[in-house]
Amino acid sequence: MARIRVPISNFQFGEISPSLASRTDTPIYANSAKKVENFFLRNEGGLLKRFGTSKIYEFDTTVSGSVTQQIRIVPFIFSDDEQYIVSLENAKIRVFQINPSTGVVSLIQTITQDTSSAALPFSHSILPELTYAQAGDVMFIAHQTFMVRKLVRTSLTTFQVETTTFETSADSYRVNQPYYSFQPVGMTLDPSASSGNGITVTASAAYFDITGSQSGGNYADSKHVGVRLRYHDNEILITSVQSNTQATGNVTNSLAVRLSTDAIETVDGSADIKITFPLHGLAVGDSIVISEAGAVGGINANQINGTEAVVEVIDENVFTVTSGATANASAVGGGSPKITTHAPTTQWGEQSYSALRGFPAAVTFHENRLWFAGTLGQPDGIWASKSASYFDFGVGDGEDADAIDLTASIGEINTIRHLMSNRDLQIFTSTSEMYIPSFTEKPITPTNAQIRRQTPYGSNFVRPESFDGATIYVQKTGSVVREYIYSDSEAAYVATGISTLSPHLISNPVQMCILRGAINRPESYAFVLNDTGKIAVFTSNRAEQRAGWSEWTTSGKFHSVCTIDDRVFCVGQYDLGAGTDKFILMEFDATMNMDFSATFSGSNGVFDVSSHFANGAKVKVVNGTDYLGEFTVASGNVDVSAVQTISSAQIGFDFNVEAQTLPIDAQVQGGPLTGEPRAVSRVVVDLIDTLSLSVNNKNLIIRQVTDDFSVARTAVSGKREFRLLGYSKDPVVTITQTAPLSLQVNGIIAEVSF
C-alpha cells in the first residue's frame with residue numbers, strides 16, 4: 001500500500017464554494033477549506049477560534065419573525081474617549097455610552113420624539129435602508145421617506161433628534177435649499193400679485209397635488225401645502241390647494257427679479273428703452289415696477305425707475321417701456337436693475353425635498369461639504385452644500401465655494417443609494433457605480449464637478465465601507481460582494497467580485513462593518529451580516545495577495561453588528577429558556593469561550609443566573625481551563641456541585657466550531673487520486689494554546705491518568721498526531737470541539753494511503 005503526505009499549510013482563501021471541490025489543479029484548492037465555521041482567518045494562514053460574546057443589555061423589543069431587522073446598531077464616535085453605540089429602532093433611538101475609563105457600555109438615553117415633539121420617523125421596514133454620516137457632535141440619518149434627521153450630542157450623556165433645516169438668505173426671504181423644475185416644458189406659473197399673503201397661483205396645466213378629498217374648497221391633505229415655489233429668484237409659500245391648477249400662497253418678499261448687468265438699452269432721440277429680461281412672460285400693457293436702475297443714454301435713474309407699462313414685446317427675452325425722458329445717445333447700461341412683476345413665466349420651480357418629492361436617501365461629508373443624493377422625485381440628483389457651510393445649499397453664481405447641484409444623467413434613471421467619501425466622491429446607485437473626481441490642485445467646485453460612470457453592477461441598501469484600500473459594497477442582487485477600486489492600468493474604477501470563491505456565504509446581506517486590527521488580532525476584517533442571521537467574515541491582505549471568507553454562527557441568530565475602534569458589538573437573538581426570543585446587545589470578548597456568557601460568582605457550585613437566563617435554558621459551564629458540561633437552569637440557578645464545588649464559573653451558550661478540508665487529493669505517478677478509494681490514515685496538526693480539539697471525532701488527549709487533576713490543564717502548543725481509519729473516494733479532515741475552550745490551528749499534514 002502506497003502512502004503520500006499532503007500538506008495543508010494554510011487556509012488563506014478560507015471557505016470556498018462546493019462547486020470548486022474538483023479544482024485540484026489550482027493553488028486555491030490547497031489553501032482553502034470546505035467549511036470554516038466560527039474561526040478567524042489569520043494573517044499567517046492558520047485558524048483561530050472566534051471569541052465568545054458577553055452580555056451588555058437585554059432589549060424589551062418583541063421579536064417579530066417577519067421583519068428583517070428590528071434593531072440596527074451603528075457607531076457614534078466623537079473622540080478617542082467619547083464613544084457611543086446608537087441603536088436605531090421602530091420610532092426609537094437608544095444611546096449607549098462606552099465609559100472612557102472602564103470601557104463598560106451602558107444605556108444612557110432612549111429617544112422617542114424629536115425636538116418638536118414629533119414621533120421619530122424610523123420603522124422596521126426601512127431600518128436596513130437608512131444611511132448616515134457623522135461629523136463632530138452631529139449624525140445625519142437619511143431615507144427617502146423623511147427629511148434628514150440629525151442626532152445631536154448636546155452633552156457627554158445627552159442627545160436629541162432634530163429635523164435638518166436650511167439657512168435662509170441674508171434678508172430672510174429665501175431658504176437656501178435645492179430647487180428643481182418638476183413641471184413639463186412650457187408650463188407657466190401665474191401669480192395674481194407680486195406681493196402679499198393669500199395670492200392666487202395658477203399653473204397653465206394640472207400640477208398641484210390633490211391628495212384626499214376637497215373640503216371648503218381646499219384639499220387639506222395636499223402634499224403641496226407648506227411647499228415653497230421659486231418664481232424666478234423669489235419664493236411663494238403654498239398655504240392651500242384648490243385644484244390641480246390653482247393654489248393659494250404667501251409671497252415671502254416681493255416678486256422682484258434682479259436682471260443681469262447692462263440690461264437696459266436706449267436709442268438716441270427716443271424715450272422708449274429696451275429691457276433684456278430672459279423669458280419674461282410679459283404682454284403688451286402689463287404693469288411692472290423698475291427699481292435700482294442706473295442712468296443710461298442721458299436718461300436719469302429717476303426717469304427710469306418706477307411703475308411702467310409694457311409698450312412692445314420684441315421677443316421672449318426683450319420688451320420695451322417708455323421712460324420719463326428722451327435719450328441723447330444710443331447706449332447700453334443701467335446697472336443691474338430689478339423688475340417687479342407677476343407675469344406668467346416658465347422660469348419657476350419647486351423645492352427639491354418634500355413629502356411629495358421625497359427626501360435624500362444618501363448622505364456623506366466630502367471636501368468640507370455636506371452631500372445629499374437620491375430623492376424620490378430626483379433619484380439621480382446630487383447636492384452639495386457651500387464649502388464649510390453645511391446648511392446652505394444656495395447655488396449662487398457658481399463661485400468656487402457655492403453649493404453644487406448635479407444630475408447623474410447617463411441615459412437611464414439611476415436611483416442613488418449611497419455616497420462614499422474616499423479617494424474621490426464615490427456614487428453607488430441601483431444600476432451602476434460612478435464617481436466625482438477630486439483634484440490634487442483644487443477641490444470640487446460648481447464649475448469642475450463632473451460625474452463619471454464606471455461599472456454596471458448596482459448596489460443594494462447595505463452601506464459601503466472602506467476596506468484594504470478599496471470600497472467594498474454589496475451588489476444589488478444581494479449575492480455578491482464587490483470591491484470598488486481605482487485601477488491605474490485602466491485609468492478607471494473597477495468593481496471586482498471578492499466573494500466569487502465563496503458565493504454560498506452571501507445571502508441578501510442587511511448590514512456590513514469593518515474592523516481594522518483589533519480584539520487581540522492584527523488582521524482587518526469585514527463583517528457581512530446576512531438575512532439568515534449568519535455573518536460572513538472577510539479578511540484581506542492586498543500586499544501579500546491573500547484574502548478569504550469564513551462564516552460565524554451562533555446558537556440563535558446575529559441580528560446586527562457594528563465596530564467601534566478595536567471593539568466589535570452585535571445584537572443577538574436568543575431563546576433564553578422561556579420559549580420566546582429576546583434581542584441582546586453583546587460584545588465579542590477575548591475572555592469569553594461561549595456566546596451570551598458571563599462569569600458568575602456562587603457558592604459550593606451553585607450559581608444564580610436569573611439575571612441572564614430563564615428556567616429551562618441549556619447552558620455550558622467552564623471553570624478556568626476545565627469544561628464541566630451542559631446544565632439546565634432551574635429555579636434561576638445552575639447547579640454544578642455534583643461535578644465541582646466551585647465559587648466562580650463562566651456560563652453561556654455554546655456555538656459550533658468546525659473546519660473541514662476539501663477532499664485530500666494528490667498527484668502521484670499514475671495521475672491524480674481524484675475519485676479513487678483512499679484513506680487518511682494519519683493527521684498531524686500544528687496547534688497553539690489549544691484546550692479542546694477533535695480530528696474526525698478523535699479527541700485531543702491533554703491529560704493522562706497519572707496527571708494531578710487538582711492542577712489546571714495546560715493548553716497544548718506544537719504538533720499532535722491523530723490515527724484514523726476508513727476509506728473514501730472523498731476523504732476529508734474535520735476539526736471540531738467537544739468543549740467550548742481555546743483552539744488555534746496553524747496547519748495540517750495528512751498522510752494518504754492508496
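In this predicted model, the side chains of Arg357 and Glu350 are joined by a polar contact of 2.9 Å. Arg357 sits in the loop that runs between β31 (348-351) and β32 (362-366). Its relative accessible area is 16%, and because buried means under 20%, Arg357 counts as buried. Leaving aside residues up to four places away in sequence, Arg357 touches Phe182, Tyr207, His224, Glu350, Gln351, Ser352, Thr375, Leu376 and Gly377.

The loop between β31 and β32 also holds Ser354. A polar atom of the Ser354 side chain lies 3.1 Å from the backbone nitrogen of Arg357. Ser354 is buried as well, at 5% relative accessibility. With residues up to four places away in sequence not counted, the contacts of Ser354 are Val227 and Phe359. Between the C-alpha atoms of Ser354 and Pro27 the distance is 56 Å, and 327 residues separate the two in sequence.

The strands concerned, β19 and β31, run antiparallel and are joined by three bridges. In a regular strand, side chains alternate between the two faces of the sheet. Within β19 (residues 228-231), Arg228 and Arg230 point one way, while Leu229 and Tyr231 point the other way; all are buried.

Strand β19 also pairs with β20 (residues 234-241), in the antiparallel sense and over four bridges. Tyr231 stands opposite Asn234 of β20. The two strands, β19 and β20, form a hairpin with two residues between them. In the turn, His232 has a positive phi of about 50°.

Terms used: Residues are numbered from 1 along each chain as its sequence is written. This is a predicted model: local features need pLDDT of at least 70, side-chain atom pairs count only at pLDDT 80 or more; totals for chains, interfaces and linings use all residues. Side-chain values use heavy atoms; hydrogens and water are left out. Buried means under 20% relative accessible area, exposed over 50%, partly exposed in between (1.4 Å probe, protein chains only). A polar contact is a pair of N or O atoms within 3.5 Å; within protein, one must be able to donate a hydrogen and the other to accept it, and residues adjacent in sequence count only if both atoms are side-chain atoms. Contact means heavy atoms within 4.5 Å. Two strands pair if DSSP finds at least two bridges between them.
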